[in-house]
Every structure is written in C-alpha cells, then in structure tokens.
Amino acid sequence: MADVRVVHDVDRRLGSRQLSQLVTGAAGGHPGYRALAHGIRTLLLDGRIPLHTRLPAERELATALGVSRATVTAAYDLLREGGYARSRRGAGTWTELPDGRRPSSVAAFPAGDGMLDLAVAAPGAPEAELSDALAAAALDLPRHASTPGYHPYGLPELREAVAERFTRRGLPTLPDQILITTGAQYALSLTLSLLGRPGDRILVENPSYPNALDAIRRAGLRATPVPVTDTGWDTGLVESTLRQAVPRLAYLVPDFQNPTGSLMPREQRVRILEAARATGSRLVIDETIAEIALDGPPPVPFAALAPHGVGEQVVTVGSLSKTHWGGLRIGWVRAGSRLVTELATARVPSDMSTPVIEQLVALHLLAGMDDVLRERLPRLRAQRDALAASLARRLPEWRWRTPPGGLSLWVDLGRPIASALARAALAHGVRIEGGARFGADPGTHEHRLRIPYTLPPTSGDEAVRRLAAALGDGLDTAATGGPRNWVA
C-alpha cells in the first residue's frame, strides 16, 4: 500500500491551493473541517487519491495546509463516519469507501429495444466499404478453402499489411513482429496471461478502459494505479511509481486515453520509456483509438520513440474495432518476433486462430483505411462538437475538456451522482455507465460520465435531453445495485 507523503500529497494529489480555499470556506461557506473532508472525499472519488492509501498524519497535514490540527482531526473523523476512511492505532488513517460503492456485475442489453446506447463508444461500420471488402474476401476464399484454415500467427498477407501500416506511421515493422488476434481485447488478455503471473504488480491508469481492468483482475495481477486527470498524466508520478513499485507490466493508453481523451505529449513518452528501461517493466500500449485524431495528425506509435534496447520491452495492441467496426473481431499484437512466437504458442489451447474469412475482410479494409478515415474523422469531429453544444445548452452546470481525438467526452457532473443518474436514465430510454465503472479503485469517479459522440447529432441531442429529464425528476442516491451496462 502506498504511503502518501505530505509534500507529495498536497502538491501533487490534494492540491494545496484547492484545499486551502476549501478549508477557509471558499467552497460554499462550509466550516473548514467539513470543506477539508469534502475535498479529500472528492479527490478520492475522482481517483486522484488511490483507495487503501495512508493519509498524512494529522499534525503534518495541518502544518502543510496552515490550519489547526483540530480542523484536520475533525475532518478525518467526518471521513471515518461517512465510510471514506478507517484508522487503526499505530497504523494511521487510510482511505476507504463506504458499503454500496462497489460496481456490480455487468449485464448486456438486447439491440433494437428503443434505447439510446451511450455505454458503447464505438462507431457503426462503413457500410459500402464493408460490403466491398466482403465481396473481395469471397473471391479470395476459394484458394484458402483447400487448406485446414488454422493460422495461429494470422494470415501471412494480413500480418504483412498490419506491419506495413506500422511502418507508414513511423515504426519500422516486419511481418514476423505481428500476431493477428480475435480483437484487441483478446490480444491484451493473451499478453497479460503470458507476461504476468498472479500476484505480479501492473501499473494502470486511473481511470482506464473497464474491460482492460477486468482482464487485469482476471489474470490475478495487482493493479498499481496512477491518476490521469483533465490535464493528462503526472510524468513524475508515473516515473516514481515505476521506480518504487517496480511493476512487471504497465498498461497505458497514451493516444486519446479512454475515457479522458488525453493525448500524451512526446516528451512524456520518452521519459516513461527511459523509466521502464531502468526498472525492466514491460509496457503494454493500447493503440485501438490512436488513429481517431480529430484536431491534428495522429501520433507516431509509442514504440517508435523507444531508445535502443528498449523496443523489446514495448508490446502494442490494436484493432479495427474503433476505426472500422467492432463486429469485425480483428486485432493484433506488435512485439519482438520471439515474443510473437511465444504468444502464438500460448493462444492455441484457448483460441487456435482467427477466422480466415474475417482476416480476408480486414485485409481489404486495411488497403482502403485512409479513405475510410478521411470520411469518418470529419463526421466524428462534427458529432463531438454537436454533443458539446447540446450539453452546454441543456446541462450548463456540467464541465468537460474537449479531447483532441477519441470517441467520447469525460464529463464532470459536479457531484457524485453518476451511478444514480445511470439508473434513472434507463427509465428515460438511455443506457450509460457511471464513471465508477472506469475506476481502477472500485467506487471512484462517481461524479463523472463518459458520453460517446458516436451517435448522429440528432440522436446525441435526444440522449442529452433524456439525461436532463432524468436529472430533473430527482435521483435516488441511496439505492445501490441494479443492472450494469456492458461497456466498450
């Protein structure tokens, strides 16, 4: 469990200016100790203070904030009463969450039920291109039909096409560095199962992609979260976490991070690569959204910046799910050729290979990928701007930062009502998942919603209208449980 030092806690996580204003009553005129408790609770729910972390000693925090020790003592008492902290004599005060702040199991919903689905951040297929690719694949299929059809590494021509795409993006790649998988989610699960052992530490972003976090838990890995805020990553914190925790793996989404939409600057990538070289940690980089660049060119692949000798530590996963269609289960791993061989061997007991017909479809879609993106990206940009305008008009108290790419907005509701709003929204015909589903620590990010802009503008505006109606009808914040949305 991490020990949060005073300077680190105040300057990096708690925010000295923010808490000082809260303590002096700047936030709504509350007494200092109540404002301090509220500030710590908010940052805990936002994921900027990890769960099960020791808070600073009362005297140290009082000195750092310039308040009386009695103020800090009363604030900690209030946190304990609310279930947000626990103390044990001689062991200090640790962050906790009250009962009922845990996400439950995920339930899927049938298509065509009249609901507007905001739980899935993925576009529909490019219909004309998909039809053409299917027709071309049908013509290619006879020459494969006389073979057994098993390709644990993937079809050679598709491996070559994916390698060529990496090379064009700035990362020279050979076909034997590519493994074709049944979607990026399987690529990630396979990588985790091969490179990690139960009990190993893995650095993760907080918040992060829910299905990736679930895969990490299923692999028995111990997540070590680092926060990603509206302003992105704290590189120093990532570096210090790598040095102190020495995780075997680190899972990062540096390109239009899901769900925040943040884009990691080049200099931060270089520093993280250097830190990983020092600790020997493997970096698993998720690039499924890397080419959904709306306000500029797409970034070069993360591994392209790796200094000599570090490239073998970087494993990149990607797919066609976000650029083309999630119904086409085609993903890949880009890694050293030796690791690709080990991954191909490891997949056979559970997956054997990806269907040939889908690989042939993907081969033709990759050939026309630039044409698809030229049509798709302006449309997504317009849908992003239309959603932002609708939110500003109907829910002006909500806040967000416009992401330079990706598929969704990470919206701050101003209070921890996300799960209650998600439950209420179902009755108004909207499926959406509260921000807690994206938290590395259960129950955090309760004041956030991920709202995709993958619906047409009219449907997106109707979804926002329904959310506003659900909010206006009042929320039952005491209720817990209920169906959980399947998130993608």
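Author: Start with Leu 171, which counts as buried at 6% relative accessibility. Keep in mind that this is a predicted model.

Reader: Why is Leu 171 called buried?

Author: Buried means under 20% relative accessible area. Leu 171 has 6%, so it counts as buried.

Reader: Where does Leu 171 lie, and which residues is it in contact with, leaving aside its neighbours within four places in sequence?

Author: Leu 171 lies in the loop between helix 8 and strand 4 (178-181). Beyond those neighbours, its contacts are Phe 166, Pro 301, Ala 303, Ala 304 and Arg 334. Val 300 is 129 residues away from Leu 171 in sequence, yet their C-alpha atoms are 7.5 Å apart in space.

Reader: How much of the protein chain counts as buried?

Author: The chain has 488 residues, and 54% of them count as buried. Its secondary structure comes to 17 helices and 14 strands. Take the contacts between residues at least 6 apart in sequence: 77% of them join residues at least 24 apart.

Reader: What makes Arg 69 and Glu 58 a salt bridge?

Author: The test is a side-chain nitrogen of Lys or Arg within 4 Å of a carboxyl oxygen of Asp or Glu. Here the N to O distance is 3.5 Å, so Arg 69 and Glu 58 pass. The pair links distant parts of the chain, with Arg 69 in helix 5 (residues 69-81) and Glu 58 in helix 4 (residues 58-65), 11 residues apart.

Reader: Are these two partners buried or exposed?

Author: They get separate labels. Arg 69 has 42% relative accessibility; this lies between 20% and 50%, so it counts as partly exposed. Glu 58 has 18%, under the 20% limit, so it counts as buried.

Reader: How do you know that Glu 274 forms a salt bridge with Arg 277?

Author: Their closest N and O atoms are 2.5 Å apart. The limit is 4 Å, so the pair qualifies. Both residues sit in helix 12 (residues 266-279), three residues apart, which means about one helical turn separates them. Glu 274 counts as partly exposed at 33% relative accessibility. Arg 277 also counts as partly exposed, at 40%.

Reader: What makes Asp 461 and Arg 393 a salt bridge?

Author: Again, set the distance against the limit. The side chains meet at 2.6 Å, N to O, and that is within 4 Å, so this is a salt bridge. Asp 461 belongs to helix 17 (residues 457-472) and Arg 393 to helix 15 (residues 369-394); they are 68 residues apart, and the pair links distant parts of the chain.

Reader: What makes a space a cavity, and what makes it a pocket?

Author: In a cavity the probe fits but cannot get out, whereas a pocket is open. The second largest pocket has about 440 Å³ of space. Of its 24 lining residues, Tyr 209, Ser 321, Lys 322, Arg 329 and Ala 488 are the closest to its centre. Helix 9 gives the most to this lining, with three residues. By class, the pocket lining has 12 nonpolar, nine polar and three charged residues.

Reader: What is the average pLDDT of the protein chain, and where is pLDDT below 50?

Author: The average is 88, and 88% of the residues score at least 70. Residues 1-19 are below 50; this stretch has 46 contacts in the model beyond near neighbours in sequence. Residues 21-29 also stay under 50, with 11 contacts beyond four places in sequence.

Key:
Residues are numbered from 1 along each chain as its sequence is written. This is a predicted model: local features need pLDDT of at least 70, side-chain atom pairs count only at pLDDT 80 or more; totals for chains, interfaces and linings use all residues. Side-chain values use heavy atoms; hydrogens and water are left out. Helices (H or I, at least four residues) and strands (E, at least two) are DSSP runs, numbered from the N terminus. Buried means under 20% relative accessible area, exposed over 50%, partly exposed in between (1.4 Å probe, protein chains only). pLDDT is the predictor's confidence in each residue, from 0 to 100. Contact means heavy atoms within 4.5 Å. On a 1 Å grid over the protein atoms alone, a cavity is a set of points where a 1.4 Å probe fits but cannot get out, and a pocket is an open set with protein on both sides within 12 Å along at least five of seven lines; lining residues have an atom within 4 Å of a point. Grid points are joined across faces, edges and corners, and a volume is the space filled by probe spheres set on the points. Ala, Val, Leu, Ile, Met, Phe, Trp, Tyr, Cys and Pro count as nonpolar, Asp, Glu, Lys and Arg as charged, and the others, Gly among them, as polar.
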